[in-house]
Amino acid sequence: MVFAGASATNQFAILTSGVLGLAIAKPLSDDGCRVVLWDIDFTRFDEAQGGFTPAMKQHVDDADMDAV
């Protein structure tokens, strides 16, 4: 997933835990990136099913610009 010649090791990515965010998070995590997930509700997120453990999960309502 990393751009040619670049390394994701020791990099951070902040993603929402929606379908698209999770689809991007797994390959980034596999490449050594520390993935931070933002979501308002993590009850449906399953680390085993997602195939990675996020560096951090933060409760953020990304629809509320003041919260972001």
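The residues lining the largest pocket divide into four nonpolar, two polar and three charged, where Ala, Val, Leu, Ile, Met, Phe, Trp, Tyr, Cys and Pro count as nonpolar, Asp, Glu, Lys and Arg as charged, and the others, Gly among them, as polar. The model is predicted, so local features need pLDDT of at least 70 and side-chain atom pairs count only at pLDDT 80 or more, while totals for chains, interfaces and linings use all residues. Residues are numbered from 1 along each chain as its sequence is written, and side-chain values use heavy atoms, with hydrogens and water left out.

The lining of this largest pocket consists of Ser17, Gly18, Val19, Leu22, Asp39, Asp41, Phe42, Arg44 and Phe45, and about 150 Å³ of space lies within the pocket. A pocket here is an open set of points on a 1 Å grid over the protein atoms alone, where a 1.4 Å probe fits, with protein on both sides within 12 Å along at least five of seven lines, and lining residues have an atom within 4 Å of a point. The volume is the space filled by probe spheres set on the points, which are joined across faces, edges and corners.

One of the lining residues, Gly18, is found in the loop between β1 and α1. Gly18 is partly exposed, with a relative accessible area of 35%; buried means under 20% relative accessible area, exposed over 50%, and partly exposed in between, computed with a 1.4 Å probe on protein chains only. The C-alpha atoms of Gly18 and Asp46 are separated by 12 Å, although the two residues are 28 apart along the chain.

Three strands form an open sheet in the order β1-β2-β3, with parallel pairing; helices (H or I, at least four residues) and strands (E, at least two) are DSSP runs numbered from the N terminus, and two strands pair if DSSP finds at least two bridges between them. The edge strands are β1 (12–16) and β3 (56–59), each of which pairs on one side only. From one strand to the next the twist averages 20°, with axes taken as lines fitted to C-alpha atoms, for helices over the stretch in contact, and angles running from 0 to 180 degrees between N-to-C directions.

How many bridges join β1 and β2? The parallel pairing of β1 with β2 (residues 34–39) runs over five bridges. Within β2, Val35 is the bridge partner of Ala13, Val36 stands opposite Ile14, and Leu37 is the bridge partner of Leu15. Five of the six residues of β2 are buried, so this strand is largely enclosed by the rest of the structure.

In a regular strand the side chains alternate between the two faces of the sheet.

Ile24, found in helix α1, is partly exposed at a relative accessible area of 26%. Ile24 and Val35 are eleven residues apart in sequence and 9.7 Å apart in space, C-alpha to C-alpha.

The segment before β1 contains Asn10, which has a positive phi of about 65° although it is not a glycine. Most residues other than glycine have a negative phi.
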